[in-house]
Amino acid sequence: MELRKGPMSFLNLLLLALKTTNRAFGSVLFLLICVGLLSALLAVLTVGAAFLFGPKLAMVLQIPVSFFSAFLQTSAMLAIVALLGAKLEKQGLSPLQALRGALLPTFYFFIDSIILTLVAVLVLGLAYMFGSSKMMLTAMLVLFLTFLPFIFLQPILVLRDEGPISAIGYCIELAKAYYLRILLNLAGLALLGLLVLLGGVCVLKALAPEQFSLISGLMTTPQMAAMAPMLLSMQLMQLPKLTLLLIAVGGALAYLFLYVFGQSFLTALFLNLDHDYNGSQTRDMGDVIAKETPAVHGHSPVHAVSPQVGVKQASIHTLDAEDFSHHLDKVYDAKEHLAQALEQEEDRMPTILFDEEMAKQLEQSQQELQKQKDQSTKNKEDNGPQSIKMSDKPL
């Protein structure tokens, strides 16, 4: 996987985010349609309750319905991150599974948002007590630069199953290790967004020069700029309905594509930093183990291993085939083990229990065997050359 091969450049992250957006756009669109239908159903139920039981009940139901709608929208946002992370990690995940898995991280995200909001309010309140606009601007800039790594809270909560406090701690760890990389990549993304905005303005000027001149003229003063949306909507209402519908659908899809592209880039950046950070931690742990573990010479007993190296630490360091063979030659001597095995076999004597009857039978067998040997020896002597006698008779 590209994300696990080390730090990626800004252009590679952009290309990977574009590919991920292309693959996940259909799933994201289906997810948003389901969430939109559910939100519409809640609105219909609220209006129906107001129509049947009066406006008082509708006012009472408006508060929990508003909270549930906010919770549902946040869950959809986290589910999009889960879908993008699954595409980047090349894992299968359906939109409904992503939405169901994002329910608990949504609670954690609300807790983290409350904590960070309280910290920001406290800092801005202290800056406001000095009564200086420069101090307020400085405090806002410090908060922006400090809270910049917390943009990874969503992927940490969804993709790494962290709790609210541990997620904040992990953001701080990533900031300590890769703050400059995070800052440069986000600055590059912001610059790219600015270029896209300028490109859209150029396209609008080329396709509709009259509307562009009207809008640019309204932007000269703040009072006229407030009237720009109303005048722009009046200009659009003069267009045919089909053209207006196509513009609305195309604008919504373009906005959704840009949003998913931005989330893909941030998710890819987080996963790249996450794999690199965990890989560096593993390498550092392996170096510590190599330094703390004494060198093995010859055949070392089991109790000679350093007690400071735990099972979890020892399982981190892996050896390739060449290192393993070299280590095996050090700690295992085949000839030595074979000699030990033969000595054990020689020392091992059979243990047989004899009674008196078996002893007598064995003694008789030995006597018969001895008799047979003596008889065989006597026969050989009788048949030898000394037993041949010459005849006394003359020829």
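## The surface and the model

Accessible areas here come from the Shrake-Rupley method with a 1.4 Å probe, and for residues only the protein chains shown count as cover. By that method the protein exposes about 28,000 Å², with carbon and sulfur atoms supplying 68% of it.

Please keep in mind that this is a predicted model, where local features need pLDDT of at least 70, side-chain atom pairs count only at pLDDT 80 or more, and totals for chains, interfaces and linings use all residues. Residues are numbered from 1 along each chain as its sequence is written, and side-chain values use heavy atoms, leaving out hydrogens and water.

## The overall fold

The protein has 15 helices and 0 strands; these are DSSP runs numbered from the N terminus (helices: H or I, at least four residues; strands: E, at least two). Of its 395 residues, 26% count as buried, where buried means under 20% relative accessible area, exposed over 50%, and partly exposed in between (1.4 Å probe, protein chains only).

Contact means heavy atoms within 4.5 Å. Among contacts with a separation of 6 or more, 75% join residues 24 or more positions apart.

## A buried threonine

Let's visit T21, which lies in helix α1 (residues 10-53). T21 counts as buried because its relative accessibility is 0%. Leaving aside residues up to four places away in sequence, T21 touches F257, V260, F261 and S264.

## Two loop residues

K90 sits in the loop between α2 (55-88) and α3 (95-101). K90 is not a glycine, although its phi is positive, at about 60°. With 71% relative accessibility, K90 counts as exposed.

D161 belongs to the loop between α6 (153-159) and α7 (164-207). D161 is also a residue other than glycine with a positive phi, near 55°, and D161 is exposed, with a relative accessible area of 65%.
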